[in-house]
Amino acid sequence: MPCRMSLKSLKEIRNIKDEDGIIIRNKDRLVAMGYCQEEGIDYHETFAPVARLEAIRIFLAYAAHKGFKVYQMDVKSAFLNGKLNEEVYVQQPPGFESAEFPNYVYDLDKALYGLIQAPRVGYATLSIFLINNRFEKGSIDTTLFIKRYKNEMVLVQLCVDDIIFGSTNQKYCDKLSELMKSEFEMSLMGELTFFLVLQVTQTSDGTFINQSKYVYDILKKV
């Protein structure tokens, strides 16, 4: 069903920080004003599975038990690859209006940051890609994917456009990285050190987690 109105869009600038709150990267992106969308017209189902904090702890505990490293990657274009099922139009963003056709709008074929259904189609895109490459989706935790190689395995946990992964054999981590890069624009961030509100330290003596930054941020608001 077509959208009754065209959504506005804007340029969003964000600062990416590490576990110590230090800015490590600046980025900007085009964002649709999704709050203007109307249910049943611009979108229908919006549910998207998100990894729970308990699931991340279990993942880290299993990795420590098996003695393998956990890595992190960022899917830069996860939300931009999801195919939309609805017909949605977006106004030309400020500063990028067409001089020849100033009143034209964009007919979105794929999702855009800010759209209410963007997380759902983003998850679906990553999920289908992994399943097509012989990964099995968890029956309880649908953000967990496992691929087995005889006596070895590789585990992948999705959290929106962030991915943590590890394997009982390092070469399968490398294979996964190459596989993901072949399909998506990726940023491999190395060993996992900070995820959600967890600060992670992986050493030969074990894996240690804490939430000192999270606690500090809360105390600053008190």
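Student: How many residues are in the largest nonpolar core, and which have the most contacts inside it?
Tutor: In this predicted model, that core has 22 residues. The ones with the most contacts inside it are Phe-135, Val-156, Leu-158, Ile-163, Phe-165, Leu-176 and Met-180.

Student: Which elements supply at least two residues each?
Tutor: β3, α3 (118-132), β7, β8, β9 and α4 (170-183) do. The largest share comes from α4, with 5 residues.

Student: OK, Met-180. What does it touch?
Tutor: Leaving out residues up to four places away in sequence, Met-180 touches Met-73, Leu-126, Phe-129, Leu-130, Ile-163 and Met-186. Another core, of 17 residues, lies apart from the largest one. Leu-60, Phe-68, Ile-146 and Met-153 are among its residues.

Student: Why would such side chains sit together?
Tutor: In soluble globular proteins, nonpolar side chains tend to be buried together.

Student: Now the sheet. What order do the 6 strands take?
Tutor: The order is β6-β7-β8-β9-β3-β10, in an open sheet with antiparallel pairing. At the edges are β6 (136-137) and β10 (186-191), each pairing on one side only.

Student: And how many bridges join β8 to β9?
Tutor: There are 6 bridges between β8 (residues 152-159) and β9 (residues 162-167). Val-154 stands opposite Ser-167 in β9.

Student: Which strands does helix α1 lie across?
Tutor: Helix α1 (residues 53-66) lies across β3 (70-75), β7 (144-149), β8 and β9. It runs at about 160° to β8.

Student: Last one: what do β12 and β13 form?
Tutor: They form a hairpin with 2 residues between them. The two strands run antiparallel and are joined by 5 bridges. Thr-203 stands opposite Gly-206 in β13.

Definitions and conventions:
Residues are numbered from 1 along each chain as its sequence is written. This is a predicted model: local features need pLDDT of at least 70, side-chain atom pairs count only at pLDDT 80 or more; totals for chains, interfaces and linings use all residues. Side-chain values use heavy atoms; hydrogens and water are left out. Two strands pair if DSSP finds at least two bridges between them. Helices (H or I, at least four residues) and strands (E, at least two) are DSSP runs, numbered from the N terminus. Contact means heavy atoms within 4.5 Å. Axes are lines fitted to C-alpha atoms, for helices over the stretch in contact, and angles run from 0 to 180 degrees between N-to-C directions. A nonpolar core is a set of buried Ala, Val, Leu, Ile, Met, Phe, Trp, Tyr and Cys residues joined through side-chain atoms within 4.5 Å. Buried means under 20% relative accessible area, exposed over 50%, partly exposed in between (1.4 Å probe, protein chains only).
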